[in-house]
Amino acid sequence: MSLKSTLRAATALALITSSSAFAEGHSATITIATVNNGDMIRMQGYTDQFTEETGIAVEWVTLEENVLRQRVTTDITTNGGQFDIMTIGMYETPIWGANGWLVALDDLSEEYDVGDILPAMAGGLSHEGTLYAAPFYGESSMVMYRTDLMEAAGLEMPDAPTWDFIAEAAAAMTDRDNDINGICLRGKAGWGEGGAFITAMSNSFGARWFDMDWNAQFDTEEWANTLNFYKDMMDASGPTGYATNGFNENLSLFNQGKCGMWIDATVAASFVTGDDSTVADSVSFALAPDNGLGKRSNWLWAWALAIPAGTQQEAEAKQFIEWATSTGYIELVAENEGWANVPPGARTSLYENPAYQEVPFAQMTLDSILSADPTDSTVEESPYVGVQFAAIPEFAGIATEVSQEFSAAYAGQQTVEEALEKAQAITNEAMEAAGYR
Amino acid sequence: MARSVTNNRKIINTTFAWAIGLLIFFPILWTILTSFKSEAQAIAAPPIFIGFDWTLENYRVVLERSDYGRFLWNSIIIAGLSTVLGCMIAIPAAWSMAFVPSRRTKDILLWMLSTKMLPAVGVLYPIYLLFIKMGLLDSRAGLVVVLMLINLPIIVWMLYTYFKEIPGEILEAARMDGATLRQELIYVLTPMAIPGIASTLLLNFILAWNEAFWTLNLTAVNAAPLTAFIASYSSPEGLFFAKLSAASTMAIAPILILGWFSQKQLVRGLTFGAVK
């Protein structure tokens, strides 16, 4: 091959492989990394409206939650600059904000009304009082139950049930012959799956992850009570293979009429009362259970929009965040798709709106969110912020390992005592290596 | 009697082979079937195999929501160029190892293979930082190079074993007739190894097409291939299995069709040389 043809081939290769520009006729293009869920996908559908109003084009990178987490973490820690806005949660925001990886959202416009953001959400998305991410939607967890099965069992669900009542009701509603499980709960390994549920549940049993010196607390009676209660109840009234069930598996079971109760994210309310549910007409809601110790077992989470430090399009990104998390956007969705489909749990004004108060799960969602406090989530004092997690960088790795041990205990591969012993060792070892102890 | 035994064995063998084939193909078939169901039917228990209301709604939603053409084009470019580039490097390398081996040839081959033993995530940060420095993030050129490099050991190994089947005397004869090294490679070795090279190309094209670690981590918008297209429909909170299945079917369809048309060459190449 002559030099000339080599050069020709190289030029052709460069032309074919070079990236094309997508900002056709727009003043700027911002790239947003986001998760694939109903509310986010709905927002993508309205993006054209934002572009029309501002002239700013939007490119979406939609990924599965865990892939997104890995992807944006890699990018932000290396200052890769691939995204102008990232969809992150309550776990990442305070850590990344503290590291200086996010742009502070302390100069949002007056019309945006930062004060309208629910205090619990604003608190969880801030570091030292500075907001680093704007909540697109927020969620807690609550009990979703079948009114027909509850009635048939001769019981009445209180607005704020205890764990003992839940276990009793679960046993009463279980009908193995007809494939009805009294209760469906997450058991799947993963800090955001079964790990999140059991941590939130443990709060109501008086347990905590760490004492004030960052020593693991899995050797306490409170943790043993939590895990034994969970396993006994699920063995008696839960679905087969519950150790591998996560949100989607339980949603599927509930929608097919195979669960009497399901305690999970408040956003599930619109799914279980939606068109794909076979039990939509007989679902009601209650607060997540407690044990009379002053803490309920509901969590607090928000999917929020944040701007990575170093982006070249900070002003445009802020403009988008103001649009997407505004009351105006909520009204836009309500107008086109009804109030039941607006992003919930982010703004106080939404819950003061009489039209939204008509939505069956609105009040219970708000009550659940308000009853979770990330800065005071445990009965005994703890050194961390977060309800179903501890907002320290090491937590995700540790909790994933710990939840694997718990799942193995649920599946009968080891005893609860063995799982707790291992959890204690894993956690203390990791915390020591990280220099906390 | 002997004929009857042979026929019976043939029937058993054929049935067994079909059963294994169907078992392997079943997940793909199930994905395709699910893509034509509603979301409620997709999660129905017991599962509905055929008797459901067939719908194209999921394909309509997926096509409306995503720019399928862009993802497809990126996949074709990235998988195609990385395979071709890999072969351009691997053919001379495999020739040298097969026909002019040194004392260290076996060690080099093993060392090349050992690079596949390191989990990809172990080098994510170094590669990511290199890509930032070189301005290659979210570029097709960057992915072509990375995928070529990660598949190179397999290409070299496959070609090496094919080339070993070719008698060295033929190449010697070509040399005696005055063929240069380039002529020997292009006019003598390559035509004889065409089935092997073709199956290597095909297999590596499939590997590059399906590669989902680097393609997800090094792309965002411009260079994202079909793996990113599928990933955008996966969700741990919400039942979107029918849409995910439609996206998966659209992502695997091109490679499935390619595999279908070239199965003869692929099977001949694989049974002839490397994997035996």
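**Reading helices and a chain contact**

Visitor: Which residues of chain B does UniProt list as "transmembrane region"?

Guide: An unreviewed UniProt entry gives that label to residues 12-33, 71-96, 108-131, 143-163, 184-207, 213-233 and 240-261 of chain B. Keep in mind that the structure above is a predicted model.

Visitor: How much of residues 184-207 of chain B is helix, and how far apart are the end C-alpha atoms?

Guide: That span is 96% helix and 0% strand, with its end C-alpha atoms 29 Å apart. For residues 108-131 of chain B, the values are 62% helix, 0% strand and 27 Å between the end C-alpha atoms.

Visitor: Now, what describes two packed helices?

Guide: We use the angle between their axes and the distance between those axes. Take H9 (residues 194-204) and H10 (residues 221-237), both of chain A: their axes come within 9 Å and cross at roughly 120 degrees. Because of that angle, H9(A) counts as oblique to H10(A). The crossing of this pair is right-handed.

Visitor: Which residues meet there?

Guide: From H9(A) come Ile198(A), Met201(A) and Ser202(A), and they meet Glu222(A), Trp223(A), Thr226(A) and Tyr230(A) of H10(A). Sorted by class, this contact has four nonpolar, two polar and one charged residues.

Visitor: How many residues of chain B are in contact with chain A?

Guide: There are 32 on chain B, and they touch 35 residues of chain A. The elements giving two or more residues to chain B's side include H4 (68-99) and H7 (140-164) of chain B. H6(B) gives the most, with five residues. By class, chain B's side has 21 nonpolar, seven polar and four charged residues.

Note on methods: Residues are numbered from 1 along each chain as its sequence is written. Chains are lettered from A and ligands numbered from 1 in the order in which they are written. This is a predicted model: local features need pLDDT of at least 70, side-chain atom pairs count only at pLDDT 80 or more; totals for chains, interfaces and linings use all residues. Two residues are in contact if their C-beta atoms, placed from the backbone, lie within 7 Å. Helices (H or I, at least four residues) and strands (E, at least two) are DSSP runs, numbered from the N terminus. Ala, Val, Leu, Ile, Met, Phe, Trp, Tyr, Cys and Pro count as nonpolar, Asp, Glu, Lys and Arg as charged, and the others, Gly among them, as polar. Axes are lines fitted to C-alpha atoms, for helices over the stretch in contact, and angles run from 0 to 180 degrees between N-to-C directions. Angles under 35 degrees count as roughly parallel, over 145 as roughly antiparallel, 65 to 115 as roughly perpendicular and the rest as oblique. A crossing is left-handed if the near helix is turned anticlockwise from the far one by less than a right angle, and right-handed if clockwise. UniProt positions are given in the numbering used here, feature names are shortened, and annotations may be inferred rather than shown by experiment.
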